[in-house]
Amino acid sequence: MADTYEDTAQRSEVTDPATNQGSFEAGRTAMRNRWVLRIVGIITLVAGLAALVMPFFGSLSAAIVVGWVLVASGVVGLVTAFKRHQAWEMAAAFAIAVLSIFAGVMMLLQPVVGLLALTTLIIAYLGASGALRIYYGAR
């Protein structure tokens with residue numbers, strides 16, 4: 001069944017850019033929870049200053065966060081791998097998920113080595129990206 005103009009207009013009243021109703025509601029919700037924003041802001045500011053003062057520990061904590069993200073990504077990948085319909089898709093998704101979990105666990109067990117690996121990957125990415133841009137720019 002197709003929507004009529006009135007149905008569409010009625011639903012869009014809440015987020016109509018001309019009236020800013022959606023923004024107004026979001027602002028009102030944020031005002032009620034200002035204390036949460038203040039606490040998160042203070043924690044973020046302290047963490048940022050600590051990372052500036054102690055860059056090694058900031059980098060180490062970033063490596064640990066990346067490790068946990070890899071583990072979580074691998075777990076989600078394992079769950080979704082079995083929802084694939086083709087056998088090769090399932091095998092590929094399963095292999096990538098296991099690799100992600102393995103890389104995450106290794107990064108959590110050896111965060112300094114993981115930090116060096118992340119630095120190497122960033123160097124390789126920037127080098128390859130720069131080389132390709134020079135190549136395409138020269139053509």
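Predicted model: local features only at pLDDT ≥ 70, side-chain atom pairs only at ≥ 80, totals over all residues.
I started with the secondary structure and counted six helices and zero strands in the chain. Reading from the N terminus, I get the order α-α-α-α-α-α.

**Overall numbers**

I looked up burial next. The chain has 139 residues, and 12% of them count as buried. For the accessible surface I have about 11100 Å², with 74% of that belonging to carbon and sulfur atoms. I also checked how far along the sequence the contacts reach. Taking contacts between residues at least 6 apart, 56% join residues at least 24 apart.

**Helix α6**

I checked the length of α6, which covers residues 111-138.

Which residues of α6 are buried? I find Pro 111, Gly 114, Leu 115 and Ser 129. The cover over these buried residues includes α4 (55-81) and α5 (87-109).

**α4 against α6**

For α4 and α6, I have axes that come within 9 Å and cross at roughly 90°. An angle of 65 to 115 degrees counts as roughly perpendicular, so α4 is roughly perpendicular to α6.

Then I listed who meets whom. From α4 the residues are Phe 56, Ser 59, Leu 60, Ala 63, Ile 64 and Val 66; from α6 they are Pro 111, Val 112, Leu 115 and Leu 118. Two of those α6 residues, Pro 111 and Leu 115, are also on my list of buried ones.

**Val 66**

I zoomed in on Val 66, which lies in α4. Is Val 66 buried, partly exposed or exposed? Its relative accessible area is 30%; buried would need under 20% and exposed over 50%, so Val 66 goes down as partly exposed. Leaving aside neighbours within four places in sequence, I see Val 66 in contact with Met 107 and Leu 118. I also looked up the C-alpha separation between Val 66 and Leu 108: 8.7 Å, for residues 42 apart along the chain.

**Ser 100**

Ser 100 sits in helix α5. I have it at 10% relative accessible area, and because the cut-off for buried is under 20%, Ser 100 counts as buried. What does Ser 100 touch, not counting residues up to four places away in sequence? The answer is Leu 70, Val 71, Ser 73 and Gly 74.

**Aromatic pairs**

I count three aromatic pairs. One of them is Phe 56 with Phe 57, with 5.6 Å centre to centre and 70° between the planes, which is edge-to-face. Phe 56 is partly exposed at 44% relative accessible area, and Phe 57 is exposed at 53%.

I noted another pair in Tyr 135 and Tyr 136. Their ring centres are 5.2 Å apart and the planes stand at 65°; planes over 60 degrees apart count as edge-to-face, so this pair is edge-to-face. For accessibility, I have Tyr 135 as partly exposed at 47% and Tyr 136 as exposed at 53%.

Conventions: Residues numbered from 1 in each chain as written. Heavy atoms only, no water. Helix = DSSP H or I, 4+ residues; strand = E, 2+ residues; numbered from the N terminus. Buried < 20%, exposed > 50% of the residue type's maximum accessible area, 1.4 Å probe, protein only. Contact = heavy atoms within 4.5 Å. Areas by Shrake-Rupley, 256 points an atom, 1.4 Å probe, with all protein chains shown as cover. Phe/Tyr/Trp six-rings, centres within 6.5 Å; stacked < 30°, edge-to-face > 60°. Expected span 1.5 Å × (residues − 1). Axes fitted to C-alpha atoms, helices over the stretch in contact; angles between N-to-C directions. Parallel < 35°, antiparallel > 145°, perpendicular 65-115°, else oblique.
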